[in-house]
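Student: I have a protein model open on my screen and would like to learn how to read it. Could you walk me through it?

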Amino acid sequence: MMVSPVNASSAHHPGSSSSRPQHLLSSNGAASHPQQPTSMSPRRQQSSANRSLPCSILSVLSHLSIALVAFNLGYLYHHTTSGHDESLMLSPHAMLETSASTARSVQSIDTQGSRNGPLGLFSSKVGAASTIRSNLQDSLPIDTVGLFLNGMARVKRDAFTQLLNLGVPLDKTTSSNQDVLVLYSNKAALPTAKPWKNESTTSTVPLYSASDATAHCHTVRLILQQPKKDKECLAILGQWESYTVDKYMRLPEKGNKGASDEEALRLVPRGQKNNGKVAKLPTAKQVTNYWDVLTKYLASLDDTIARLKPIAAKAAGVGGNTVIVMTSNWGQASLLANFVCAARSRHLDISHVLLFATDIETHDLAVSLGIHSFFVDQAFGEMPKVAARVYGDKHFASMMMSKVYCVHLINLLGYDLLFQDLDIYWYRNPLDFFHSDAAGDFDMYFQDDGARSARYAPFSPNSGFYFVRNNPRTQYFFSVFLRMGDLILASGSHQGVLTSVLVEHANWRGLKVKVFGVHQEEGGLFPGGYHFHRNHAYMKQMLQGDGSVNPFIFHMSWTKNKDNKLKFMQQLGHWHLNEQCNGKRADEIGGGVDDVFSHCCSSEPLVACHYRDKPSKIPCRDKPPIDNGRSSFW
């Protein structure tokens, strides 16, 4: 769960709702059936015709004291009557109201001749205000929550996310999460426009356009709430504001036993799981070891910058300000060579690529392939020469640190940068997108990893493909991220650590982060392992090349190791490196750049079948499945 302040400005309109009617519970636990709403006073009208909300609404939204809180809920409804829209602004105090008292309140309001409009906790209608307030006080704790809650409304989810231009990868909008619930902290924030008429649901919570619902909100506090969270409650506390959502769970202090009603609530880390498991902190040894590594990196920083500066300038080009950053050791060099061969076969410009080679053999190969290369020598400390055997092993973790250092250096030099892993295949030059107006004005852009585990929430950024604009926010981000090496080494990957720092800087420093969600159209521009394993319909469109999808790149992520990755790329038709050059040093290949290309690179993809159940350029029906029991992809 994340909370972030944003500004509300532009207008978007909601569609119709299809939420199913449900009964709400009154304070005595009985079903409270919908009441007939009545017309109310103009401008900031409020009503006691309220109804109880599920306890999950009023149980860890701890920072709505001066603003609006919005979060996704799947059971909000809207009630209309014949003739004209008579929606009611439902007050959260209705949790304590019985069906009988609701009926009395509605009847009393109706006798005052109130007009149609938004209703909150208090009414501003002259002549009717005291009666309405009196009726509310009969059954609701007005004086105990009125300082921070004064009403609520609904907004269509798609319109709301467009209004705020959210950067998180959005889930699909369905019938049970199509509305956003908006809570108002005071009367001045209540909408004054008429609600939208919506006869497909019986909710007493009025539906507004995104712009009307937020027209008087000078600040919006956004809470992202995962649907169907097991036994989770959300609470709003009138208190000096907090910038985070604290998490309490009924877990034992020790062991990995799951949550239980018998345990007391206690504060836990935000990534705490229901089964009691949580990511471990770095050990004291890991912390002190990284101090030594970081000290050496910083001690040689001036010399490193002096050596790197002219090479980076060549990669950026005359008048240019963007560098494409890659890093490799010898164990991954065949992936580097394949990327260059594949891009050249499609006549794509890779002149802005700058490789950070962690050993001399990889540096020499990169130069022979005609790309800019910087041999880091000892600047990054001890780096492995072999490929990682599995995701997250010690070699993998060590190379993750090179991914931290190289982007820090380029950012420090003042360049925009596109970082990409070696297992990227270009269909088009991705810089064409990031240099266009279509990209918008975010600070950092990420491919969506597709994983939705707690440690990646809420961004799930894939750290193998991202674009960064150089500005004070990103400069400070990388200076802080640089200091997190002990946690990276402890976790075996820097993706989860990257996410944590992104969340903190987005919330703390206003870092604008955009993730191209796998469920959104823009996610189809930058597909990867999620699509490969879980969206076969998209993969068929991409492989058929009929123009129905038009990606910039494909990232062969979600793989166990290099061998696994190579087989998948061969099967997709993303492999262009001739076998006679696979694993060969530059001096073994010989010749100039053109000779290397003619000898090592195939202009046509070298397609090979390995598994029938995975996406493939050609049918691979005669091959075994990699996942037992799976049928052919084609």
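**Reading the model step by step**

Tutor: Happy to! Of the chain's 634 residues, 53% count as buried. Keep in mind that this is a predicted model.

Student: What is the accessible surface of the chain, and what share of it belongs to carbon and sulfur atoms?

Tutor: It comes to about 27,600 Å², and carbon and sulfur atoms hold 51% of that. As for the fold, the chain has 19 helices and 19 strands.

Student: Where does pLDDT stay under 50?

Tutor: Here is the general idea. Where pLDDT is low, the predicted coordinates should not be read in detail. In this chain, pLDDT stays under 50 over residues 7–140. The model has 419 contacts beyond four places in sequence for that stretch. Over the chain, pLDDT averages 79, and 74% of the residues score at least 70.

Student: Let's turn to strands. What is the order of the strands in the open sheet of seven?

Tutor: A general point comes before the case. Strands of a sheet pair through backbone hydrogen bonds, either parallel or antiparallel. The order here is β13-β12-β11-β14-β17-β16-β18, and the pairing is mixed. At the edges stand β13 (372–375) and β18 (513–516); each has a single partner strand, so one side of each lacks a neighbour in the sheet. On average, neighbouring strands of this sheet are turned by 30° against each other, direction ignored.

Student: In which sense do β16 and β17 pair, parallel or antiparallel?

Tutor: Strands β16 (residues 444–448) and β17 (residues 461–468) are antiparallel, with five bridges between them. To find one of these on your screen, look for M444, whose bridge partner in β17 is V468. Compare that with β11 and β12, which run parallel and are joined by five bridges. There, I324 has V353 of β12 as its bridge partner.

Student: How many residues of β12 are buried?

Tutor: Five of its five residues are buried, so β12 is largely enclosed by the rest of the structure. Both of its faces are covered: V353, L355 and A357 are buried on one side, and L354 and F356 on the other.

Student: Which strands does helix α8 lie across?

Tutor: Helix α8 (residues 333–345) lies across β11 (322–328), β12 (353–357) and β14 (416–420), and runs at about 145° to β11. Helix α14 (residues 495–509) also packs on the sheet, where it touches β16, β17 and β18. The direction of α14 makes about 50° with that of β17.

Student: Which residues are buried in helix α9?

Tutor: An α-helix has 3.6 residues a turn, so residues three or four places apart point the same way. In α9 (residues 360–368), the buried residues are T362, H363, L365, A366 and S368. They pack against β11, α8, β12, β13, α18 (586–589) and α19 (593–600). Just after α9 comes G370, with a positive phi of about 85°.

Student: Is L511 buried or exposed?

Tutor: L511 is buried, with a relative accessible area of 4%. This residue lies in the loop between α14 and β18. Leaving out residues up to four places away in sequence, L511 touches D443, M444, R473, T474, F477, L502, H505 and A506. Take D443: it is 68 residues from L511 in sequence, yet their C-alpha atoms are 6.5 Å apart in space.

Student: How many salt bridges does a search of the whole structure find?

Tutor: Again, the idea comes before the case. Side chains of opposite charge can pair when their charged atoms come close. The search finds 17 salt bridges. One of them joins D179 and R154, whose closest N and O atoms are 2.5 Å apart. D179 sits in strand β6 (residues 179–184) and R154 in strand β5 (residues 151–156), 25 residues apart. Both D179 and R154 are buried.

Student: Are D261 and K231 buried or exposed?

Tutor: Both are exposed. They form a salt bridge, with the closest N and O atoms 4.0 Å apart. D261 lies in the loop between β9 (248–250) and β10 (265–267), and K231 in the loop between β8 (220–223) and β9, so the pair ties together parts that are 30 residues apart in sequence.

How values were computed
Residues are numbered from 1 along each chain as its sequence is written. This is a predicted model: local features need pLDDT of at least 70, side-chain atom pairs count only at pLDDT 80 or more; totals for chains, interfaces and linings use all residues. Side-chain values use heavy atoms; hydrogens and water are left out. A salt bridge is a side-chain nitrogen of Lys or Arg within 4 Å of a carboxyl oxygen of Asp or Glu. Helices (H or I, at least four residues) and strands (E, at least two) are DSSP runs, numbered from the N terminus. Buried means under 20% relative accessible area, exposed over 50%, partly exposed in between (1.4 Å probe, protein chains only). Accessible areas come from the Shrake-Rupley method with a 1.4 Å probe; for residues, only the protein chains shown count as cover. pLDDT is the predictor's confidence in each residue, from 0 to 100. Contact means heavy atoms within 4.5 Å. Two strands pair if DSSP finds at least two bridges between them. Axes are lines fitted to C-alpha atoms, for helices over the stretch in contact, and angles run from 0 to 180 degrees between N-to-C directions.
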